[in-house]
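Dear colleague,

Here is the structure I said I would pass on. My notes on it follow below.

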Amino acid sequence: MKRWFRRRVDAAYERLLSREISGAPTHVAVIQDGNRRYARQHGGDAHEGHRAGADTTERVLEWCQDIGVEELTLYTFSTENFNRPEDEREALYELLCEKLTEFADAERVHDNEVCIQAIGEIDLLPEHVRDAVAYAERRTQEYDQFVLNIALAYGGRSRLLEAARGVARDVNADEIDPDEIDVETIEQRLYDQPVRDVDLIIRPGGEERTSNFLPWHANGNEAAVFFCTPYWPEFSKADFLRGIRTYEHRKESWRRTRARRAIALLGAVSEPELTDAQAVVNRFRDSLPVGERPAGVDRETTAVADSGETTTSDDGLDSSSRAAD
């Protein structure tokens, strides 16, 4: 009876969260943490935990597509994972090969036109894993409706270091002028395929850190971060929706902050700056409480294009899930 009641409560909570969400981030990145601890808690070995986590991964992919997320990046195998015991590494390699091949052949992947691509130091992986990666990428390379990035042998700091070295080599070879180096110059050297800026990082398992994950695309975009306590195999749709809610609440908070700053500037700037400040107020005024909305500002003024920023903050979540700055 208790289990039945719990399922009813969880289902009702999911429906409530779904109604609260009005949109979705474009790019969600997930640190799949807690597989081994989940296995130990249930008396199994690490491999059983990773296999249970792989089932969660499939569900999260479906949830992302359901709400309109366009890109999902999974932190699947870090460079630190090479230090794990050999038998655990081999079991992980076999699971990766199995799931990559399964995904590449799945009807739902082709029906939804999912492009699978790997990011990281792929050359460090065993040959049979590289072959599975190549197979999945080849089978889905023509699709562009949804992007699934698998971070393998990945370390964010090492990727930035390699990109910097590549730029330095080009400068020394007179192939690029230092004054021409910009954001695009670095991004072209980070990965073989373009990766969107990250809007939301989700980390289950109770740890409150992002572990060197996509530093250029997440920190540079001030991505929202959602931490929660369930281990990855236990991660539920309600947890996922709470993460999306964190992103939405923080995005709205950012809009309010921009509007308030613009209002404060209106009385202390020159005429050209005043025009820009009025445009910002017009764009974000609806995010302010009615009592804070300024009078006499032209609602028809053309807004200045300045989109895409999100930051991180608390979301007023219950005690089992936390959002972080």
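Helices α3 and α4 are roughly parallel to each other, because their angle of about 25° falls under 35 degrees. Please keep in mind that this is a predicted model. The α3 helix covers residues 46–67 and α4 covers residues 86–105. Their axes lie 10 Å apart. The crossing of α3 past α4 is right-handed. On the α3 side, the contact uses A46, H47, H50, R51, A54, D55, E58 and L61. On the α4 side, it uses E88, A91, L92, L95, E98, K99, E102 and F103. Sorted by class, this contact has seven nonpolar, two polar and seven charged residues.

Is H50 buried or exposed? H50 is buried, because its relative accessible area of 11% is under 20%. The H50 side chain makes a polar contact with the side chain of R84, at 3.5 Å. Beyond four places in sequence, H50 touches N35, R36, R84, E88, L92 and L95. Of these, E88, L92 and L95 are also listed for α4 in its contact with α3.

Next, the other helix pair. Helix α7 (residues 156–172) and helix α8 (residues 183–190) cross at roughly 115°. Their axes come within 9 Å. Here too, α7 passes α8 in a right-handed crossing. From α7, the residues involved are R159, L160, A163, G166, V167 and D170. They meet T185, I186, R189 and L190 of α8. By class, the α7 and α8 contact splits into five nonpolar, two polar and three charged residues.

Where does E121 sit? E121 is in the loop between β3 (114–119) and α6 (127–140). With a relative accessible area of 23%, E121 is partly exposed. The side chains of E121 and R159 make a polar contact at 2.5 Å. R159 itself is one of the α7 residues that meet α8. Leaving out neighbours within four places in sequence, E121 is in contact with L152, A153, S158, R159 and E162. One distance to check as well: the C-alpha atoms of E121 and Y191 are separated by 9.8 Å, though these residues are 70 apart along the chain.

If you open the model, I would begin with two side-chain pairs: H50 with R84, and E121 with R159.

Best wishes

Technical notes
Residues are numbered from 1 along each chain as its sequence is written. This is a predicted model: local features need pLDDT of at least 70, side-chain atom pairs count only at pLDDT 80 or more; totals for chains, interfaces and linings use all residues. Side-chain values use heavy atoms; hydrogens and water are left out. Axes are lines fitted to C-alpha atoms, for helices over the stretch in contact, and angles run from 0 to 180 degrees between N-to-C directions. Helices (H or I, at least four residues) and strands (E, at least two) are DSSP runs, numbered from the N terminus. Angles under 35 degrees count as roughly parallel, over 145 as roughly antiparallel, 65 to 115 as roughly perpendicular and the rest as oblique. A crossing is left-handed if the near helix is turned anticlockwise from the far one by less than a right angle, and right-handed if clockwise. Contact means heavy atoms within 4.5 Å. Ala, Val, Leu, Ile, Met, Phe, Trp, Tyr, Cys and Pro count as nonpolar, Asp, Glu, Lys and Arg as charged, and the others, Gly among them, as polar. Buried means under 20% relative accessible area, exposed over 50%, partly exposed in between (1.4 Å probe, protein chains only). A polar contact is a pair of N or O atoms within 3.5 Å; within protein, one must be able to donate a hydrogen and the other to accept it, and residues adjacent in sequence count only if both atoms are side-chain atoms.
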